[in-house]
Amino acid sequence: MSRLEIRSLRKSFEGTDVIKGIDLVIEDREFCVFLGPSGCGKSTTLRLIAGLEEVDDGQILLDKDDITDRAVDKRDLAMVFQSYALYPHMTVRENMSFALKLAHKDQRSIDEKVARAAKILALEPYLDRKPSALSGGQRQRVAIGRAITREPRVFLFDEPLSNLDAALRAQTRLEIARLHQELNATMIYVTHDQVEAMTLADRIAIFSEGRIEQVGTPLELYRRPVNRFVAGFLGMPQMNFLAATAVDGELRLGNGNLLHLPTCIDATGDLTVGVRPEHLRVCDEGDGSGETLNGKLTVVERLGSETYAYVDVPQVGSITVRADGDFERRAGRDICIRLDLTHAHVFDATGAAIHHP
Amino acid sequence: MARNRPTRRLARTLRALASWIVALVVFFPILWMLLTSFKTELDAFSMPPHFVFSPTLENYREILARANYLHYAWNSIVTAGGATILGMVVAVPAAYAFAYHPTKRTKDVLLWMLSTKMLPGVGVLVPIYLICRDLNMLDSRLALVIIFALINLPIMVWMIYTYFRDIPYDILEAARMDGAGTWQTMFRVLIPVSRGGLASTALLCLILSWNEAFWSLNLTTSSAAPLTALVASFSSPEGLFWAKLSAVSTLACAPILVLGWLSQRQLVRGLTFGAVK
């Protein structure tokens, strides 16, 4: 059992509050991803859990055991660093057995554990090499192997893939997912990459400015973001945000178009309508209804399987549309787009979601 | 582009030539000392100087007969070696604290340490002499060990601090996560990782202590006198015997020169540690 509970966690550096009260429960064997932009406090939270930073206020419980003030080496956690942080003067084998040697484990069990980790990570041919003789991906695997041999109660990953190139990142991402299934361990994973978060996580905690904005499964967060920040952070390209005013339960855009949402909006004043690029489509000409917008195609990004069209709509702003890979129109042309309002989100002036699809 | 090629080749040749000239100018005094040590006193004095002469070992024979070279050499080894060990024992933990647990005043303390190097030694000669006298440490190797270590400490701390700063802190945190305490982290991770830098620091301290003359001349007479004192003893009372002086200087420089030669790769690697990391 390795259930981690964080209660009202706070941390400040030189008078600046960095973590402003975090509550979170990570269940046994769960893969939890801390996602957020840089400087949002996700890495600091991980370091507080690891014990590498001192907690100012709040509690960290591991299986109801208070580890808030426990020394780093007594917490039984293992961490994989962004920079790998391998010991450059030791071979791969020595790197992976260092913790076990410090714990005075007998040589036979050390050898067994290193062999097992090397087998899982396909590192057997490299056991006697120094880290400098390994590629970036192999070094990352050694860093993971060093954590595995420890058999910790919780694995902590601090942006482990950000130093790898795109192809290797995708491959290592799969390996980490496989590893989680194989080891069946509790894992906390910090990243700013939403693809990593969406693909790996059982649950994602989205951080912003030292707070958790929302916790949930990847699809929950994608489909029902609680606020504009979460809605904008998840999704590539970003959700379109259109300024609107509420008029008799309907929404009026800046260009005067009236949007008829499936349900009535019980709000007044300035609101924001959020529509994801995949819920817009290009149409031949406006049918006069409020859901069609006329604009000019400014940029077209062709990715092969799909195309992103950036459309400038007067008095509304720039809108991104996801179209098919065979989208043929060129930039500079006039274009008409249709909003699929069954998938629209509405946010109030504070950014909180007041309507979900 | 093609027209530039001869110009570039010429520039390269000139650069090489200039490097050779500078190297020869720097090396010349040592070469001259070595040559003079094998001359007779007459040859050594001749003007213009002789480059071709019949070499003799007479100077060395006479020096070894007159003075107990091994006694002085042993004193040099003990004082320079002892100062290096003492200096490292103090400097490594100090640099660790400065590099990894800095406070608001760390930079100031480091600068203050360095500023003590700007104080001329003679300015504190009297107090240190009196302290040594009162502690009954005049003409003792221990006094030299302590003083050499102290005068080299600022530079040692600075050098080691710079090497430590180049080592990613993540590695030390990883060691902590792996269960290593402060001393284990230092001895099993930090010191092995920075051994190039530590070796060059130790070597520099060894060379500086070996060549130190001011304090050895003022605080020792015979029993603790190192090689620098031996060299000095050949200069004054005898008048100017260039050949013998050169021979004794050669004997004094030789061990450290050989050591420097053998470890030059380590030394250069250590001094450019940050660049090749």
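This is a predicted model: local features need pLDDT of at least 70, side-chain atom pairs count only at pLDDT 80 or more; totals for chains, interfaces and linings use all residues.
**Notes on the two-chain model**

1. Residues are numbered from 1 along each chain as its sequence is written, while chains are lettered from A and ligands numbered from 1 in the order in which they are written.

2. Chain A has 8 helices and 21 strands (DSSP runs numbered from the N terminus: H or I of at least four residues for helices, E of at least two for strands). Its C-alpha atoms fill a box of roughly 80 × 45 × 35 Å along the principal axes. Among chain A contacts between residues at least 6 apart in sequence, 64% join residues at least 24 apart; a contact here is two C-beta atoms, placed from the backbone, within 7 Å.

3. Have a look at A:Leu86, in the loop between strand S6 (77-80) and helix H2 (92-102) of chain A. Why does A:Leu86 count as buried? Because there are 26 C-beta neighbours inside 10 Å. Beyond its neighbours within four places in sequence, A:Leu86 touches A:Asn95, A:Pro131, A:Arg139, A:Val142 and A:Ala143.

4. Chain A also has an open sheet of 5 strands, ordered S15-S19-S16-S17-S18, with antiparallel pairing (to pair, two strands need at least two DSSP bridges between them). Strand S15 (280-283) and strand S18 (317-324) of chain A are the edges, each pairing on one side only. On average, neighbouring strands of this sheet are turned by 45 degrees against each other, direction ignored. Inside the sheet, 6 bridges join antiparallel strands S16 (residues 292-302) and S17 (residues 306-313) of chain A, and A:Val300 stands opposite A:Ala309 in S17(A).

5. Over in chain B, the axes of helix H4 (residues 69-100) and helix H7 (residues 141-166) come within 6 Å and cross at roughly 40 degrees. Axes are lines fitted to C-alpha atoms, for helices over the stretch in contact, and angles run from 0 to 180 degrees between N-to-C directions. That makes H4(B) oblique to H7(B); under 35 degrees would be roughly parallel, over 145 roughly antiparallel, 65 to 115 roughly perpendicular, and the rest is oblique. The residues of this contact divide into 22 nonpolar, 5 polar and 2 charged (nonpolar: Ala, Val, Leu, Ile, Met, Phe, Trp, Tyr, Cys and Pro; charged: Asp, Glu, Lys and Arg; polar: the others, Gly among them).

6. H7(B) also meets helix H5 (residues 106-115) of chain B, with axes within 8 Å and crossing at roughly 140 degrees. That makes H5(B) oblique to H7(B). B:Leu110, B:Met113 and B:Leu114 of H5(B) make the contact with B:Pro154, B:Val157, B:Trp158 and B:Tyr161 of H7(B). By class, that is 7 nonpolar, no polar and no charged residues.

7. Helix H6 (residues 125-134) of chain B is hardly covered, with 1 buried residue among its 10. After H6(B) comes B:Asn136, with a positive phi near 60 degrees.

8. Finally, the contact between the chains: 14 residues come from chain B and 16 residues from chain A. On the chain B side, helix H8 (169-177) and helix H9 (182-193) each supply at least two residues. H8(B) gives the largest share of that side, 6 residues. By class, the chain B side has 8 nonpolar, 2 polar and 4 charged residues.

Terms used:
A residue is buried if 20 or more other C-beta atoms lie within 10 Å of its own, exposed if 12 or fewer, and partly exposed in between; C-beta atoms are placed from the backbone.
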